[in-house]
Amino acid sequence: MLDTVKEDNLIQNTFQICLKKEAANNTKFHLETYESELKENNDELYFKVDNLYFILIHKIASLHKQKKNCLSYLCSCSVRLQDKNFFKSLNIDCKSIENITNEILDQIINSTIIYLENLDVYPNVKISYKERINVFYEFLKGSCTSRFLKKLLSVIEENDKNENENNKQLNKFFNPIIDMILENLNSRNLIYPKNDVAILLKFISSFKQLADLVVNNKSIFLYLNLKDRVKDHFSPLPCFKTEGNQKSDGNKEGEEKTDKKDEDETAKIYGFDKNGKSSNDKEIGGCGYNLQLSSLLGRLISPTVITMPNIKNKEEIAMYKYFYNSTTNSLNKMTLASLKNIYTVLRGDTNWILENCVEIIKNLLKGSSESKKRVLLWLNCILISNEKKTKIMYHYSTYPQSLDNSYGLFLKLLGENSYGFCLNILWVLLCLCEPITINKINDLDLYFFLRDDPFSGFILKNITNQSSFEEISNVEKIKNKVRDFESFKKEPKFITCIFWMTYKALSVFLKPSIDEFIRIVHGVSNAKDKNIYYMNIHTWKIFLYNSRFAQLLFKFLNLCMSYILNVVYLYDRDGNLDTSMKSYLDEHKGNYSQLVLKACPPPNESNSEKDKSTSHRNTGNNVEPNTTEENTSNNDRSGNTRNGDGMERENGASYSENNLCASPQFSIIPTFFLSDIFEIIFLLYELDTFKTQNHETFMSYINLDLFLALTIFSMLSEKHIKSIHLRCESAPKTFTYLYKSDNLKSIIEESDLTKKYIIKSLTNVFISSQKGEYTERMQTRLRIVENFNSFFYNKIYVNQFTQLIINNNNLFVHLIHLLLNDVNFLVEEVVSYLSEIKRREDKKKAKEASRGTSNTIRGERSADGNSQNEEGGSHQSGNTDRRNRNRREGNDAEEEDVLNEFDDQRGRYGNSLNMNYENGEYNEDNEEREDNGPGGGSDISNESMSNLAARTKMIITYCYESCVFLNLLCKNYPINIVKSNTILTQIVTCLNCYFDYLVGHKSLNIKVKNMEQYNFRPQLWLTSIVESYLYLLNLEKDCQDLLIREIANEGRYYKQEIFNKAYYICKRESLLNKEDLNKFKLFCQDIIDMKDEVELFDDTNDIPEKYLDPILQDIMYDPVLLPTSGIVIDRKNIERHLMSEPNDPFNRAPLSKEQLVPMPELKEEIQNYVNKLKQEKMKNRKKKNVDLDADMDPNEGTEKKEEKHEEAN
């Protein structure tokens, strides 16, 4: 114990008070009222610790009169008391310091609680409850220390132990503070970003008790009651009794108290009213707007540099403050340096706001498990409210929605959130996922999608109803096998919940936001008020191109890509960990791309092939029908029949029969998970095109090896990825665009993954895309052909393709077969589209001429009549126009039928092409068709010029790139092409078709103005075709004869005069060197000679029926027997059929190339017959010689002579 003098001295110095007026100074306050009280009671004029309660009452009263914060004073006293240096000048024994300090601190805390309890104990003053709460609020916001608040909370917690919820001091003291924080957050914006209210919330939420109190406050969920979303079927209620009613008498009293307490606690479920009505799906789906504007977390997260619809005052909007001059109503004129400074300031403010929000959310998550759930529920409510943004109507909208005057009303009606708020939420979620590293992937609940407890079901709402990588029936079997796992008996892991919520946010928040930004950028040119657009572009770029945001985003995307490869490679088809793969991954320091480099497709696919025969023997014909959209047959893609065997992992047993081709952890994942990864990376690549040069791009953050690994896995693993769209559109599309990037192209080409797998991947995708939708197929194949053309400049990839041919020549044949099928069809399309464009050009030219002349009245009337017909957009007028054109050009009826044949197919893909292509030349023509719209009908005469130009450019590009690809194939693999009957026939037809349209009589129909804008370069095409033929001639004489014979046999497009004209043009325009020109000249002559020979067999009446092909009725050179129908057919014809349909064309029975039975005796018999017939008929034939170097055929008319120099252009 201290003596009276030392005790008085301690209190005076601690509380800076004194009892004598003469002792008062700047640091000590004369406590006059307490001095008077001591004198009245005849007490000694000393401060004593035992009287500290009364001392502080008088001090607080005096502070209130002075309008000073008494709680700040008490806190400062406690800080002073805890300073070790404070006692050195007081000459107090160290042993007494701790006891006296604790006693004084307890009195300070008690005085604080008395003040907050609203007790009327202060002399000569009345302090209202509102005044006390305001003092407490200002104290917490300004001068409260963590140590003081921690001490205060510990005392409050002790006092509340036996109190019900309504009487707890924690609720009484801090709920009003939370309400004041909510009210003051309403005015928060980016003009004054460092709001002290947010700092206060961060401070109090750092204490677990207060974090729980904040989360359970009514200001979080407002009117929502989610009690039925948080019940856990695996958790007993707090009052659940495990021993029935068998309790000892000694425990009855304690049990009654416990039951009473449980009644209070169970009156609410995680803060929701247990007896209230649960919110339905409609209320939850439309709560986003209210939560943003009225809830505590909504107001906290809402400040953004992007337009906030609830703020109307321009002075409170950041973009108006920094970019707009209200005096001149125009944008501020600023230098590049000042603009950069504004970007830096606003990005710094944005980072501060969001990082502060993240810290607060993290504090709230450190509370109880119930608090964690409530935070997750709140975030998921925002996600669910904005799922409408993923609908197709948003994606294809052309007008920026956020710039509409009614945007705020629109959000309110639909219950959605603004784009800026959504991006802020995404930022928060990405930060919460930041601690989840690649090494922690296996800590996630890999069977999370199979959970059926209410809370998990709410987190997975609208996710689990998406189609999975495996069909529904097999997913249910997996679920039945894992439902007894230990993890299903526990609450879902937080990291699992936040991981999948964040991934969902990429689809719900990021993709629509990027689409909106792109719409704003594209809308500038047509905007009435361009200033608004420019300001919004600046604000969007400030957020989207924030380096911190990019780092967070790609860290998560890399985590997602690793997750996919993890569940694919590290687990077998029974769901057990593959220790060999895990060891291999550990050896390569967690680099998942090394797993793909080691084996692709993954081992599970090859293992399923090994089990194929066993599966068939065990299951017989018991095949379950597929239920997913991706599977169109009754068997799975691997050929395995479906059975009911699954896996049991926890008891160590596994089934020898397993109908899965992948691990169950992968099979249950919704397919959108993978497709969205590719789509988001593609969108980020698009964002890079709007970024200022010499700045860091999004693609600089991507783990390129990981991306290549995922892409190659997706393209090669057809048993894992059964979705044609995903394997043949999403993955190749994203790869193609990244490969086009100047910064990434060389890196991609040098990657070991690319060198090993890309050629095989592109080839497989090209072939597999045949099963896809027409438009996607054409676009996919165009990209693949462009990739092939680029890779073939590198010898490494030519060697890879060569190796592919050696290992699987059928794959090579199939690839070229499908490519040529496309080209043969699309060349006809090119002619139709270019002819239509030329018709419109001629029509416009005729209109202009008719306006300038007044002496051709009949012509004017005719032009007006035609114009009316065209404006009507009738199908009949288009067909009549085409027929008139065909008659003028001398086309026969067969050619007209060919054009009409494809009319119905043109509309199949054009409307969905996302290409922006307009030319001012055709504005007048567009106006004529504006009533019909861009897709007014299947007839291309009704197409708008922009659509027509875009479709034409896409088709021509594919045709030209295919022509270049064929040229490269002919150069590198001539022997493979000539030796294949199937390929040779097709490639000759294709190249002859090119000749016909480029230099034949139809060439004038497609001679449009400004050909380059459609990618139409006829001279390059012609050169490529001639070179292709010359490459095929670089073989032995027998192979040359095969090629020449095939050209001569090709009766649809081959004409002697067309080859003659091709030679003329190549010579006149110097398209070939002299050596190649002479070679081509001899080639043309050889074809003429061969034509005379093959014409010997034009009349098939004299040829025995058994020598003729039953389908084409031409002579068979390599007859084979079809074992399924017993019919003999020419090998080249049946092999070509099998490329498209693997069945017998006569009875549709399954048939493969390997089953064909050669007929050597019949083949020899036919060859002898041919030789004999040739000798007999050649005696009466005379060899023809044509002078190809003559200036012009004497039979050509004057008109053709005038057109001669125009045809090659």
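How many helices and how many strands does the protein chain have? The chain has 54 helices and nine strands, where helices (H or I, at least four residues) and strands (E, at least two) are DSSP runs numbered from the N terminus. This is a predicted model, in which local features need pLDDT of at least 70 and side-chain atom pairs count only at pLDDT 80 or more, while totals for chains, interfaces and linings use all residues. Residues are numbered from 1 along each chain as its sequence is written, and side-chain values use heavy atoms, with hydrogens and water left out.

**Figure 1. The whole protein chain.** Of the 1209 residues in the protein chain, 54% count as buried; buried means under 20% relative accessible area, exposed means over 50%, and partly exposed lies in between (1.4 Å probe, protein chains only). The accessible surface of the protein chain comes to about 55000 Å², and 47% of this surface belongs to carbon and sulfur atoms; such areas come from the Shrake-Rupley method with a 1.4 Å probe, and for residues only the protein chains shown count as cover. When contacts (heavy atoms within 4.5 Å) in the protein chain are taken between residues at least 6 apart in sequence, 77% of them join residues at least 24 apart.

Figure 2. A disulfide is a pair of cysteine sulfur atoms within 2.5 Å, and the structure holds zero of them. Cys431 is buried at 1% relative accessibility, and Cys959 is buried with a relative accessible area of 0%.

**Figure 3. Two loops meeting at Ser468 and Pro670.** Ser468 is found in the loop between helix 22 (454-459) and helix 23 (472-482), whereas Pro670 lies in the loop between helix 31 (664-667) and helix 32 (672-688). Although Pro670 and Ser468 are 202 residues apart along the chain, their C-alpha atoms are separated by 3.9 Å. A polar atom of the Ser468 side chain lies 3.4 Å from the backbone oxygen of Ile668. Ser468 is buried, with a relative accessible area of 13%, and Pro670 is buried at 2%.

Figure 4. A search of the whole structure finds 36 salt bridges, each being a side-chain nitrogen of Lys or Arg within 4 Å of a carboxyl oxygen of Asp or Glu. One of them joins Lys722 and Glu470, whose closest N and O atoms are 3.3 Å apart. This pair links distant parts of the chain, since Lys722 is in the loop between helix 33 (704-716) and helix 34 (724-740) while Glu470 is in the loop between helix 22 and helix 23, 252 residues apart. Lys722 is buried, with a relative accessible area of 4%, and Glu470 also counts as buried, at 4% relative accessibility. The side chains of Asp676 and Lys511 meet in another salt bridge, with 2.9 Å from N to O. Asp676 lies in helix 32 and Lys511 in helix 24 (residues 494-523), so this pair ties together parts that are 165 residues apart in sequence. Both Asp676 and Lys511 are buried.

**Figure 5. A salt bridge within one helix.** The side chains of Lys1037 and Asp1041 meet in a salt bridge of 2.8 Å from N to O. Because Lys1037 and Asp1041 are four residues apart in helix 49 (residues 1037-1049), they are separated by about one helical turn.

Definitions and conventions. A polar contact is a pair of N or O atoms within 3.5 Å; within protein, one must be able to donate a hydrogen and the other to accept it, and residues adjacent in sequence count only if both atoms are side-chain atoms.
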